[in-house]
Amino acid sequence: MNTQKNIEGPNGEKAKKETLELINGYNPTKSKVDLVSPAEWSQISTFVRNSLRPMAYMAPNTLRPFMTAATRLAVWAHRQGLDLDLGYLFDPLMLEAFEVQQEAGVLNVVSYLTRLAEANNLHTPAASTGVPRPTYQRPYSTHEIQSLTAFAKAHSNLNRRISLLAILALGAGAGVVRQRMRGVGADAVHTHDDGSTYVRTITGCSKVTDGFVGILDEVCRARPEGQLIGAAQGDDLTTYATSWVKGRVGVPELNVDRLRATYICGLIEAHAPLQNIFEWSGVSNLESLDGYMPFCTKPSTSCTESVAQ
Ligand SMILES: [Zn+2]
């Protein structure tokens, strides 16, 4: 963890003693705003203080909005049962999920969090603009999804088999991004009034594509407790899973962003209502959705129908 010695501002400023004291003595349970209970603070204080220390070169008063922002993020994550891990929570997609669930009026919290992420060396392409952006990737073809599924189903190691199937079903079947796969257990899979199967993540419920309902069912039966993707934490697991698949003849590389693109492009191509696409994919605006359009098959309604060969 950062010590006073190696803290430096963008212009080489050294940590200020009074700011470090402010961080170390920070206790938002005494604040006028109802931010966090004493019991919660005891669980999140280490994370909040650690995230703030790289900004100790700032003047105490300048740091205050950052302190509130970090606390709000930690409270939200703690109440969602998410791991208090810097790289995990400060990921742009995670910040986007957090932002969506904030009340109006606290939206600029995310711009402070983006700067905190930078101070913690959690650089992302989105960090410079302050706007979290999803990663647009080419969806898998139907054939590629079949190859991946067949490979997963035939895997001789039971744990890996279930983890791979879970990643495929959550990613390509429900559009769940890597970060949001964490903490998703069998109890998150449920049915809505329309009779369809849905998966609940921190951003809401996603309708599971027909082709993955059976696979998700199988995963839930094999792993009724804990995370569907397996016990390993966060990025580790999807990274391991990628290595299990890598280099297999006839099997494309496993990429969770491509799985999600497969789900979203599938909804677009199936002419799902726009509101449902937003709701199920967790995409929050048209601009973000537009990033997937170049990868979607265009409807064949042009005025010059090709003549059959
Ligand atoms: Zn639901």
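What follows is a set of questions and answers on a predicted model.

Q: What makes helix H6 (residues 109-119) largely enclosed by the rest of the structure?
A: Eight of the 11 residues of H6 are buried, so the helix is largely enclosed.

Q: What does Leu116 touch, not counting residues up to four places away in sequence?
A: Leu116 touches Ser51, Met55, Phe66, Ala69, Ala70 and Phe90. A contact requires C-beta atoms within 7 Å.

Q: Which residues touch the most other members of the largest nonpolar core?
A: Leu113, Leu116, Leu168 and Leu170 do, in a core of 77 residues. Helix H8 (residues 158-174) gives the most to this core, with 10 residues.

Q: Why is this core said to lie between domain 1 (7-119) and domain 2 (142-295)?
A: Both domains give residues to the core, so it lies between them.

Q: How many of the contacts with a separation of 6 or more join residues 24 or more positions apart?
A: Such pairs account for 68% of those contacts in the protein.

Q: What share of the protein counts as buried?
A: The figure is 37% of the 309 residues.

Methods:
Residues are numbered from 1 along each chain as its sequence is written. This is a predicted model: local features need pLDDT of at least 70, side-chain atom pairs count only at pLDDT 80 or more; totals for chains, interfaces and linings use all residues. A residue is buried if 20 or more other C-beta atoms lie within 10 Å of its own, exposed if 12 or fewer, and partly exposed in between; C-beta atoms are placed from the backbone. Helices (H or I, at least four residues) and strands (E, at least two) are DSSP runs, numbered from the N terminus. Two residues are in contact if their C-beta atoms, placed from the backbone, lie within 7 Å. A nonpolar core is a set of buried Ala, Val, Leu, Ile, Met, Phe, Trp, Tyr and Cys residues joined through C-beta atoms within 7 Å. Domain bounds come from an automatic or database domain assignment.
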